[in-house]
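Hi,

Here's the structure I promised to send over.

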Amino acid sequence: MLAASTVPAVRVVAHPDALDSFISSMKAWPITKTALRLAPDEALVLHVDTTDVSIPDDPHAIVEPEHGCSLIALSWPEFERHVRPLVEWAIPPDRPVLAQGMVAFIPAKLWMTTGGVRIVVATPFADTLLERMLAR
Amino acid sequence: MAANPVGPASPRFIFEGAPQGFVPGDSVAIAILRSGREPGNGGALCLTGDCGNCLGVVDGTAFVRTCQTSARPGLVADRHPVGVAPSMMGPATVIDIPVRRERHDVVIVGLGEAGLVERDRLVAAGRTPRLLDASGGEDVVSVYDDGFIVVRTDNAMVHIEANEIVLATGRAELFPVCAGSTLPGVRTSGAARRMVAAGIDLGRAVIVGSAGAANGLAATRLGGSLVRIEGSARVEAVVVRDAFGNDTRVDCDTLIADLGPAPRDVLARMVDDGSVRVIGPAAEPCALPVCPTSGIVCPCSGTTVEDLDGVWSRGFREVELMKRASLAGTGTCQGAACLPHLRAFVSAKSGEPALPFTARPAARQLTMGEAGAGVFFDAWRTTALDAEHRRLGANMDRFGGWWRPWNYGDHVAEYWAVREAVSIGDVSTLGKMIVTGPDSVEFLERIYPTNVADIKVGRSRYVLLLNERGHLFDDGMIVREGDTRFVLTFTSGGAGNAEMWMRDWAETWGLDVRIMDRTMSLAAINVTGPRAAELLIRLGLEEPPKFLQHRHVTVAGIACHAMRLSFTGEASWELHVRPDHAVALWRALMDAGRDLGIKPHGLQALFGLRLEKGHVIVGMDTEMDTTPRRIDHDWAIKMNKPFFLGQEALARTASLPDQRRMIALTMESPAPVEGAPIWLDHQLVGHVATSFTSPLLGHAVMLGWLKRGWDASGPIPTTVWVDGRAATVSETPFYDKEGGRARR
């Protein structure tokens, strides 16, 4: 059964070069700790807390715990059934890839790997998104 | 004559409450016609889906073209009721229609001769056209600019994006317009052929017109022009007129109209851009019929020639205007039947060629489920406290993109809890943002019209947000956390645009700042009332921040960012907290405040509380072009700053006369409705923006607008009229003018 669960995360806004360095350093981290690059100067790092994240190259970086995100994990068959009909834009073919856009008219972030899709959505939208997905 | 192929063993559907046999492959209309009855309530039948004369109710859904609906066992069909609109309440099971989305290089609509030739040409050119034809179960109902097509199938809607659309929809036939043309028994040539092919006896059939489409049909061709069709319940005779003006009456059972072709161009008339190409007969001009002189021109809307005369006499002289004024062409067929006749009418009257009018999607009737397939309402967000509000019996409503408590059953009791005891409210919906960076002070100085640099760390300031024209579009607080770190708040409705606004200007000015939107990352609870401080102290906050101060603290063991400000007019602290801790904090506040008389308050009470203080709600009290001067907020503007957004516009307009002023009003209860007109000397001078019957003051308080009809060079009037009652122009705040209660 599909469900939305809150996910521990840290949101980072920093100078793009500093963020590049930080994300490069994450390559040695466990694979569960994923950095979603939302913008050149912004990343959402999943399954970490603020003690895991430091941006030494940018003293003005904003590093904040993020408790307002929910995660919906889907297999590819579940994605094809419940999500793809609700997406009006072209799904990028690369894997892994982060795609950001509207799903059923709700802003969402899709982290797509060969193993499946994780949808990250602001928790205030999560129930409605799930309701619309499960109507399929 | 062929024997009736329908026998006792034939499959059946239900028509008008009785079994109706059919031959597999029949449309519903053909099956009904075979029984000697009519599928609709009269009018020339085309049986090609062009007209709206076979519309019926099929399986509970009205406005279904029975000629395009395959007969099947179990189907239930009825004619539309006569003289009244059919019920639009279709079966609930059709609400959830799936949508398939496709993208193609090129799409061909219509697989007649022209469409097949085009298909072969495109394939030879190495392209792969997507082929769509109603006979294949894919009925194109809408074409939009930019290459977007909506297709209806039996089990889904298909939304197609294409680089190129080729419309090869062919031709329809002209329908007769004269007295009696809506009698059952009138057929186009094509319809007559289909009926004959289905073994249906046309009886004594006559052909009027000489276009040639009826050649070969077993019917008597009449010379001359059609004058009228006679009959009581169906066609009994036709009257034709020869070249010498002599009329001849001929008895008949069926009139076959062989009047010539009309382009099947409904889809083509929906778009006007380069993504659509019309080919074949659909693109070829057709001769217009003679100007109609009597009868129903538009069967869908019931528009008569007399109606067109009336519209013309009122000065509507173009086809598009005639359409809007007479409603001809606005029905389910979007002019397929009536457009040639309307054009003929306008051409004859004006002596000028009359171009076709545009068509609106959809070209076919759609259920609401089909039309809305794949389309969603805006999603209304829920705060972390949503379930808690509902558990407490809150009446929830939508505001600023969120579900929020309107009241918890008694907004007056909630009001008094704020004024006399303590109350909590969910303000999680407020916009929240962090700004840092070496240029953060300079950046905020440019964004806001107030001074920013002199806000001390640990302090906050109320701010307006102006656009380049000096118009107010939001307000909020600047909260300083460090030399270069700030927390900004915005209204719930304004938060959506705030991040974009800030980021755009940071980029434009090339300033080195970091911006993080936290609106949906934090919950917030406002603790307000004369006993609010006592409550917070009980929960471990020994020294609540003073007015316009803020601090990161712990309340009931829960980490919060406490900001002291006031929207209600009472001492208030906003506690910004992790969303997953919000319910625990809420319950701790409610439990600890029980003996203090705590109650939660909703927006209904809050709107009244803030109105008593004269606090403006941007977007409710203000308009798109409200300036600080118009709402008497010049105190929030520092024109001597080097620069801020909107400064130049405010400087330019400062000396101009301006009749638009927000005023405060009081009057006897009850409060007038919001939006009520304001009158002065029997002139409409403005309207009430927001109003509230104050329980404490015992009368109505309002904010309203003076907009015109008063002498702005003189003093503001002292008395105006609202709802036929005198209202006194007052000053804000209406309550606690010294502001001591918020600061104590």
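Below is what turned up, starting with how to read the model.

This is a predicted model, so to speak plainly: local features need pLDDT of at least 70, side-chain atom pairs count only at pLDDT 80 or more, and totals for chains, interfaces and linings use all residues. Residues are numbered from 1 along each chain as its sequence is written, while chains are lettered from A and ligands numbered from 1 in the order in which they are written.

Chain B, overall: there are 16 helices and 41 strands in chain B (DSSP runs, H or I of at least four residues for helices, E of at least two for strands, numbered from the N terminus). Along the principal axes, the C-alpha atoms of chain B fill a box of roughly 100 × 60 × 55 Å. Buried residues make up 47% of the 744 in chain B (buried is 20 or more other C-beta atoms within 10 Å of the residue's own, with C-beta atoms placed from the backbone).

Chain A has an open sheet of 5 strands, antiparallel, in the order β1-β6-β9-β8-β7 (strands pair if DSSP finds at least two bridges between them). At its edges sit β1 (5-6) and β7 (97-103) of chain A, each pairing on one side only. β1(A) runs antiparallel to β6(A) (residues 69-74), joined by 2 bridges; A:Ser5 has A:Leu71 of β6(A) as bridge partner.

Cheers

Key: A residue is buried if 20 or more other C-beta atoms lie within 10 Å of its own, exposed if 12 or fewer, and partly exposed in between; C-beta atoms are placed from the backbone.
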